[in-house]
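Here are my notes on the model you sent over. Have the structure open while you read, and work through the points in any order.

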Amino acid sequence: MNRRDFLVKSAFAAALPIAVNATLPNLHSRPAAKKTSAGERSISWLDGEPPSALEGSTWGLPWPKGKLQPGESLSLKNESSTTIPLQTWTTAYWPDGSVKWTGHAIPATGASSQTLFIEKGESATPDTPVVLTDRGAYLTVDTGVMRCVIPRSGDAIFTSIERNGRAIAENARLIGYRQSKAELEPGEPHDTEAFQSQTSAVEIEQSGPVRAVVKISGTHRTPAGREWLPYSLRLYFYAGSESARISHTFVYDTDGESDFIKGLGLRFDVPMVDEQHNRHIRFVGEGAGLFGEAVRGVTGLRRDPGEAVRKAQVAGLPTPPLSEWQERARTRVQYIPTWGDYSLSQESANGFALRKRTKSGHGWIDVDQGKRASGVAYVGGVSGGVLFGMRNFWQLHPAKLDIRNADTNLAEATIWIWSPDSPAMDTRFYHDGMGMDTYEEQYDGGLEITYEDYEPGFGSAYGIARTTDFTLCAVASTPSREHTIALAENIRTPALLTATPEDYLASGVFGSLWSLPDRSTPEKKEIEDRLDWSVQYYKNQVEQQHWYGFWNYGDVMHTYDRDRHTWRYDIGGFAWDNSELSPDLWLWYSFLRTGRRDEFRLAEAMTRHNRDVDIYHLGKFAGLGTRHNVQHWGCSAKQLRISTSAYRRFHYFLTADERTGDVLDEVTEADRQLANLVPTRKLKGRTATPSATRMGIGTDFGSAAANWLTAWERTGDPKYGQWLKDAMKQIGSHELGFFAGDFGYDPETKKLLPPEHSQAGVSHLSAVFGLVEVCAELIQLTDDSAFRDAWLQYCTLYNATSEEQEAVFGHALRGTSLRQAHSRLTAYAARFSGDKKLAERAWTEFEDEWGGKKTIGTTRIEGPNTLNPIDEAAWVSTNDSSQWGLAAIQNLALIPDAR
């Protein structure tokens, strides 16, 4: 039976005349978010209350098709109807050219209420806009509070940050150390050298009036002239702000065998102009914990300088003149030690140590210890200084904050993203291959016993990246303890505005395979409760299992080991998940439904990790991602399904994050790698040559289509839309459609070519890496009925009975596992056809597998059974959780009345 006969004989026959023009945004009749007036939309702070120390904020906002046209202005007001300065730019377009997503920025004075309102109208400009001036050899950026000078070449990121005409910070540069061996025996000879940033390009990305962005690209250079570790760095400035935010990304471009990073960080100088007893040091510990002392302390002395002196110094205020001090203290000030050097080192997620010393050449004195430092410090005096910090400081351990020479005229501060106190960074592959030299040994050996897809030379970290965010606040005086804590909170967790779940849904920007939470029946409540529980479970597992660290933070583990009561962190393909089976999609859709902070932060951390670490940005694997493994780069399966834009576009559009945008650009034509590295090369009969390039109809096409769709949205360039339409036409016109398995492919023209076989086939993985979601959006955005029909056939027959499959193909399909995950495909077909029996089948499939009806909950495991107390679920793996979550969300959206 061909597809035409199948459709004629199925329940689709009655529905198709309507479904031809049906679009997924119309699948729901959910009420829109409450508006205060016509055309007005509300946005609110993700963390609830407005930040107490906002230094500017950027976010993204969706728009329904046709609602906003390019060039139309937008206005922002607070709850008192006061207009707030707003900068707006377009980040995505609908196919008709209307605006799909906008990016927005507000100044440092914008956090005036919990809820803000945006509507069409003239944008207000700041009283003192940020001004960026190109002076040829350098740029200047003036926020109205501080002025930054950025050279176009040389080793400095900026040469100065000034406030009130005085330099507060100078000569910022990236620095580091490398050594030739990972582990050094006492007395063992080795090569060690320092390196420092070298700018190669400076680009103005935005120039105000609310927000200015400068992108700096370069490499790190050794004294011998070697250039390595390319970096891109963005400086962000907001009108009225005293801060510069820095987003720094470096790419690891070494084989890891002879180059071991011993330290990597950002260093800058701070002129010290106040008397030493009026100079202050601050370190923020956990939450509101604060260490605050003066470079030369006057408290606790044998001879008291006076209560007014002591209180002023403790508060960070100017002390009374020396002439007003008690004589016995005043005449002996020179004998009070000055403490010029401070160091806070976070070697693990659960321990930091703070030390200080008077100067180089003298011993360190232990100050205190704690668990999780905020990664924020201050060096300066009553006349001003720099409060500086790093986002996710303890999560990205080993990290460190150093202050040196605070007792001299020029202090030095360093934010180490890899602490030199720690062992050198070691990215070498974790085993020697164990004799798996041939494809047969790798496929039938390692893959069968540990689920690891090993191949010599493929477990390389060459080309992966990591991004770290810094903030430097040029303050006019030593900040109060309370203000220090407020600034630290915004560094730890940058404030973000978000739309309501109702708005996200009504806009249709991510299709409509999701709906708002619904507990109107006991059955729906059971599913909603489990959805909530699943996210909370993973949030707790991140903490209990300590899934933190420089290369690890943001990822989760793949599968649990119930015998050892731990996740399988050391077993081949069962360790780090690396986006396997789309946990990213599950978490982002969960946030869209609820608007909850914890779901957003969990999804954001995952995206910030996998966009950098799990994807190659340079080298022979550039544009591909790595399958799950003990190390994030360990598996030899380098595939489009991991690097796909399907997982990262949520973060980009919701936050307007430029680094995520860079990665979306990088993978736009990652499909070219299909000619260089055949994903199925280890299967018999699969030749790995460019002349035999294939595109798998599941993970390959789904990933490439997501990449092209994202590029089409972001640029409006019709060529990307044409690539999609051509591929959709080829799939839709072929008699097997999505059951063709794979097509020939020309990566130069982006054309799918007829497959070399005529038998229907299927893979259980085809639809679980974003294919479902991207096909739904393509059907929403285009009018290719043949493609739609091919997809509906796939959705109907994948989980169908053997007899139903035989009636169409002449044989039953093999490999149709993950039935519960595919229940959402059945639900999609049921929604389009209106077939109640198909809807009932979808819910039956949903409950068939992976404990669809099992109770939720955990068992506490502790004592001699595990190193630390943990909560163990009755059943759980990341594959199960993410696919169950997506199936639950989509089934509730598509066929709610059948539940």
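At roughly what angle do the axes of helix α8 and helix α9 cross? That is where point 1 starts, after a word on the source. This is a predicted model, where local features need pLDDT of at least 70 and side-chain atom pairs count only at pLDDT 80 or more, while totals for chains, interfaces and linings use all residues. Residues are numbered from 1 along each chain as its sequence is written, and side-chain values use heavy atoms, with hydrogens and water left out.

1. **Helices α8 and α9.** The axes of α8 (residues 522–544) and α9 (residues 583–594) cross at roughly 125° and come within 12 Å. That makes α8 oblique to α9. For the terms: helices (H or I, at least four residues) and strands (E, at least two) are DSSP runs, numbered from the N terminus. Axes are lines fitted to C-alpha atoms, for helices over the stretch in contact, and angles run from 0 to 180 degrees between N-to-C directions. Angles under 35 degrees count as roughly parallel, over 145 as roughly antiparallel, 65 to 115 as roughly perpendicular, and the rest as oblique.

2. **Who touches whom there.** The crossing of α8 and α9 is left-handed (the near helix is turned anticlockwise from the far one by less than a right angle; clockwise would be right-handed). From α8, Glu528, Leu531, Ser534, Val535 and Tyr538 meet Trp586, Leu587, Ser590 and Arg593 of α9, contact being heavy atoms within 4.5 Å. By class, the contact of α8 with α9 has 5 nonpolar, 2 polar and 2 charged residues. Here Ala, Val, Leu, Ile, Met, Phe, Trp, Tyr, Cys and Pro count as nonpolar, Asp, Glu, Lys and Arg as charged, and the others, Gly among them, as polar.

3. **Helices α17 and α19.** Now look at α17 (residues 785–797) and α19 (residues 823–833), which pack at about 125° with their axes 7 Å apart. This angle makes α17 oblique to α19, and their crossing is left-handed. On the α17 side you'll find Arg788, Trp791, Leu792, Tyr794, Cys795 and Thr796, meeting Leu825, Thr826, Tyr828, Ala829 and Phe832 in α19. The residues of this contact divide into 8 nonpolar, 2 polar and 1 charged.

4. **The three-stranded sheet.** An open sheet of 3 strands runs in the order β2-β6-β5, with antiparallel pairing; two strands pair if DSSP finds at least two bridges between them. β2 (57–62) and β5 (87–93) are at the edges with a single partner strand each, so one side of each has no neighbour in the sheet. The twist averages 25° from one strand to the next. β5 and β6 (residues 99–106) run antiparallel and are joined by 6 bridges, with tyrosine 93 partnering valine 99 in β6. Across β5 and β6 lies helix α14 (residues 699–715), at about 140° to β5.

5. **The five-stranded sheet.** Another open sheet has 5 strands in the order β4-β3-β7-β1-β28, with antiparallel pairing. Its edge strands, β4 (83–84) and β28 (497–499), each pair on one side only. β1 (residues 41–45) pairs with β28 over 3 bridges in the antiparallel sense, and tryptophan 45 stands opposite leucine 497.

6. **Strand β18.** Which of its residues are buried? In β18 (residues 279–284), 6 of 6 are, buried meaning under 20% relative accessible area, exposed over 50% and partly exposed in between (1.4 Å probe, protein chains only). Arg279, Ile281 and Phe283 point one way, while His280, Arg282 and Val284 point the other. β18 runs antiparallel to β23 (residues 376–381), with 6 bridges, and isoleucine 281 stands opposite valine 379. β18 also forms a hairpin with β19, with 5 residues between them, and glycine 287 in the turn has a positive phi of about 60°.

7. **Phenylalanine 550.** This residue is in the loop between α8 and β30 (560–561) and is buried, with a relative accessible area of 2%. Leaving aside neighbours within four places in sequence, its contacts include Phe250, Ile417, Trp418 and Arg466. The C-alpha atoms of phenylalanine 550 and histidine 609 are separated by 9.5 Å, though the two are 59 residues apart along the chain.
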